[in-house]
Amino acid sequence: IDGINKDLLEKVTTRLQSKQQAMAVYNQKTINEFYQEVPEEISKELKLQGYFNSAIEPEGELTFKNRKWNENFKVKLESPATIRSIDLQIIGEGAKNENLVGYANNFPLKNGDVFQTEKYNSAKQNLFDLADAQGYVKAFLAVKEVRINLKKNTVDIILHFDTGPQYYFGKTTFVVKYLSHSFISKFLPYKEGDIYSSQKIYALQENFSNSNLFESVAINPQIGNSQSQDVPVEVTLIPRKSKRYSLGLGFGTDTGVRASLGMELRNLTPYGHSFKTDLQVSQVQNELDLHYLIPGKNPITDLYDFGANAKALDFKKGKSKVGQLGVGYITSRGNWQQSMRLNLQAERYQLEGLPYENSFLLIPSFTLSHSKSDDPLKPTDGHRISVNIQGALKYLLATDNFIQIQIDGKYLKQILP
């Protein structure tokens, strides 16, 4: 395809490739039909980019050579159409809304700009999104016209945006077994009386889905069920199974045969408390890990962790028995997570040929981690990096002084599909 610049050629090629991929059968008939439609497809794409006056002509005939079909097309372009005028009006109950009026006064499309359908549609969608965030969820375009003057190669845009009434969040009711409504209410990203927004309904769905507490979530905002502009919201939640077990078996060069058994007890109380335990056994190391987890003030991001750990090591050059009690506070913000812990650790150990010794440590620690993946359940691309700092001082309930900094990183990249 000759006669168009690189950017236009990429857009035209993408359109033609999509049409080609949609072909169910490849034979002489369908291939001929495809090439006969190429000029029309090129013209359609050029019009989307503002080129309403163009001519597309085939050069030569369709040929088959080196196992490829070939045909050349020549495009003759005139200048793209430009925007001559924009008549954008905000009408209805939100006609004086500062955010909508401000957007209208700074509309992304300007007189003299090249008219492009994608930018035009995007500008309209932004207006609807802004109206939705302001509670005008039934807004519509009372007038929507794009007048194209082919002779003058200009475009006139007419948009009369009717906001309709402004809606507010009404009472939110929950249909859920066992869990306290006061606890569930902490997941709400809004309060009764706030301006209604579909975006906050989506945020509510995400809050429940990401909490790992519920098997299914159904949210029903009841818009238009009455003359009131308050929107009641009904939330139906099905908690996840109360018990979860895991079992593992493996072999390591340093541990020999090893096995693990885990158990998680969910929703032990109406406030989302849970308990997790993990037992690992091998020829040289046995460990039991216990955690009682309590959601914080914001259960979406905050978690209290009360833990206990017992570990026994039996290597050729030494033995050790360690007991640990601790409390931690974990907060998450986007892809970042931080953890502050305070552990009380007692250890009795013996190095080869030496008598047993005891240590007693009060260990504060801080961990900061960042993780990102393409899928939280079955990731194929992502990373995780964490930095941990911990230590102890003799004058703070410890028999030794130490400080430790540990940096860990993981990178995941799928090589084969």
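Modeller: Eight bridges join S10 to strand S11 (residues 274–282), and the two run antiparallel. Strands here are DSSP runs of E with at least two residues, helices are runs of H or I with at least four, and both are numbered from the N terminus. Two strands pair if DSSP finds at least two bridges between them. This is a predicted model, in which local features need pLDDT of at least 70 and side-chain atom pairs count only at pLDDT 80 or more, while totals for chains, interfaces and linings use all residues. Residues are numbered from 1 along each chain as its sequence is written, and side-chain values use heavy atoms, with hydrogens and water left out.

Back to the strands. Leu265 has Phe275 in S11 as its bridge partner. S10 (residues 256–265) also pairs with strand S9 (residues 243–252). That pairing is antiparallel, with ten bridges. Gly248 stands opposite Ser260 in S10. Three residues lie between S9 and S10, which form a hairpin.

Next, the three-stranded sheet. It is open, its order is S6-S8-S7, and the pairing is mixed. S6 (168–175) and S7 (214–221) are the edge strands, each with a single partner, so one side of each has no neighbour in the sheet. From one strand to the next, the twist averages 20°. S6 and S8 (residues 230–239) are parallel and share six bridges. Phe174 stands opposite Val235 in S8. Helix H6 (residues 198–210) lies across S6, S7 and S8, at about 165° to S7. Such angles run from 0 to 180 degrees between N-to-C directions, and axes are lines fitted to C-alpha atoms, for helices over the stretch in contact. Contact means heavy atoms within 4.5 Å.

Asn153 sits between strand S4 (140–149) and strand S5 (154–162). Asn153 is buried, at 14% relative accessible area (buried is under 20%, exposed over 50%, partly exposed in between, with a 1.4 Å probe and protein chains only). Beyond its neighbours within four places in sequence, Asn153 contacts Asn53, Ser79, Pro80, Ala81 and Thr82. Pro80 is 73 residues from Asn153 in sequence, yet their C-alpha atoms are 7.3 Å apart.

Last, a helix pair. The axes of H1 (residues 6–21) and H2 (residues 28–48) come within 10 Å and cross at roughly 135°. The contact involves several residues, among them Leu8, Val12 and Leu16 of H1 and Phe34, Val38 and Ile42 of H2.
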